[in-house]
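I opened this model to look at a few side chains, some backbone angles and the ligand site. My entries follow in the order I made them.

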Amino acid sequence: MPLAAIPYLMANMMEFDVHTYASLSSTQDYVRELAEEGLPEGTVIQALSQTKGRGRHGNAWTSPLGNLYLSVLLRPNCSADRAGQLAFVVALALSAAIEEFIASGYRKTLKWPNDLLIDNQKIAGILLETELKKESLAWLVAGIGVNVMSAPNGAVALKDLSERPVPVHPFRDRVLDHLGRYYARWQVEGFAPIREEWLAQAHGLGDTVRVRLPSETFSGIFADLDEAGALLVSLPEGGQRKITAGDVYF
Ligand code: BTN
């Protein structure tokens with residue numbers, strides 16, 4: 001066993017308690033309620049379909065049968081300003097699970113802040129929602145949607161990239177397995193190795209990006225991620241801007 005594996009074994013590996021429903025309005029809304037009721041970290045709600053699936057920016061997340069829809073409740077003991085780092089933890093877990101199923105020859109990239117792309121088409125999205133108590137994080141719900149059997153126009157489904165069938169439940173178990181591992185790593189080692197691994201798979205690193213904020217739009221070069229997970233954009237006139245939210249177009 002490599003020595004590097006030992007700290008993760010010593011960390012308390014997450015035990016997930018998975019509840020699967022035929023249909024829910026939104027797993028995200030359900031887990032938010034459970035979080036308020038005090039359910040423990042590791043509670044996972046999966047729905048085989050959703051009638052009101054939600055994506056980022058209030059967008060609808062179309063949720064027919066055959067894809068993966070789940071939300072995970074986490075209660076990390078950390079300050080509120082570290083919550084955003086968990087988007088990268090979840091993205092790495094999803095990336096590792098997808099890697100096990102796709103055939104070789106496809107290019108998988110992680111698009112800031114939390115999309116997974118295959119050959120520039122979206123295969124999965126992550127929605128993080130938090131409740132803060134003063135300066136610390138009371139809970140965080142990580143919503144995960146993966147196009148397994150079907151995808152909306154312009155997106156891609158895992159089954160079309162795989163040489164073998166992709167049953168949703170075994171795929172879900174691989175996602176959770178990797179999530180437990182990356183979450184333990186983040187707890188033991190902090191954000192630095194997560195950031196490094198994410199950057200190695202980053203979409204558009206070193207390329208021109210167009211950033212749209214509520215008040216303005218500008219272009220620059222996607223230069224780096226900072227230690228909190230913000231996007232660092234180098235400006236043509238010199239200097240860098242730190243982007244913590246907003247739409248980024250590559
Ligand atoms: C995005 O890319 O905009 C994020 C999409 C997140 C969708 C998932 S599906 C499971 C969970 N329940 C929801 O209503 N949304 C998230």
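**Entry on N67.** I began with the side chain of N67, which reaches the backbone nitrogen of V148 at 2.8 Å. I found N67 in the loop between β2 and β3. Helices (H or I, at least four residues) and strands (E, at least two) are DSSP runs, numbered from the N terminus. N67 is buried, at a relative accessible area of 4%. Buried means under 20% relative accessible area, exposed over 50%, and partly exposed in between, with a 1.4 Å probe and protein chains only.

**Entry on the source.** The model is predicted, and I noted that local features need pLDDT of at least 70, that side-chain atom pairs count only at pLDDT 80 or more, and that totals for chains, interfaces and linings use all residues. Residues are numbered from 1 along each chain as its sequence is written, and side-chain values use heavy atoms, with hydrogens and water left out.

**Entry on backbone angles.** Which residues have a positive phi without being glycine? I noted H57, with phi near 55 degrees, and K134, also with phi near 55 degrees. H57 is in the loop between β2 (43-50) and β3, and K134 is in the loop between β6 and β7. H57 counts as exposed because its relative accessibility is 52%. K134 is exposed too, with a relative accessible area of 82%. I also looked up the peptide bond between W112 and P113, which is cis, with omega about 0 degrees. P113 sits in the loop between β4 (108-111) and β5 (115-118).

**Entry on two buried residues.** F222 belongs to strand β9 (residues 217-225) and is buried, with a relative accessible area of 0%. From F222 to T208 I read 6.2 Å, C-alpha to C-alpha, for residues 14 apart in sequence. L158 is in the loop between β7 and α4 (168-189) and counts as buried, because its relative accessibility is 0%. L158 and E37 are 121 residues apart along the chain, and their C-alpha atoms are separated by 35 Å.

**Entry on the ligand.** Which residues come nearest to the ligand? Of the 20 residues around the ligand, they are S26, Q50, R54, R56 and K122. A residue is near a molecule if one of its heavy atoms lies within 4 Å of it. An oxygen atom of the ligand is 2.7 Å from an N or O atom in the S26 side chain. A nitrogen atom of the ligand is 3.0 Å from an N or O atom in the Q50 side chain. At R56 a backbone N or O atom lies 2.7 Å from a ligand oxygen atom. The ligand taken alone exposes 420 Å², and the protein buries 97% of that.

I then sorted the shell around the ligand by class and found six nonpolar, ten polar and four charged residues. At least two shell residues each come from α2 (27-37), β3 (68-74), β6 (121-133) and β7 (136-146). β6 gives the most, with four residues.

Methods: A polar contact is a pair of N or O atoms within 3.5 Å; within protein, one must be able to donate a hydrogen and the other to accept it, and residues adjacent in sequence count only if both atoms are side-chain atoms. Accessible areas come from the Shrake-Rupley method with a 1.4 Å probe; for residues, only the protein chains shown count as cover. Ala, Val, Leu, Ile, Met, Phe, Trp, Tyr, Cys and Pro count as nonpolar, Asp, Glu, Lys and Arg as charged, and the others, Gly among them, as polar.
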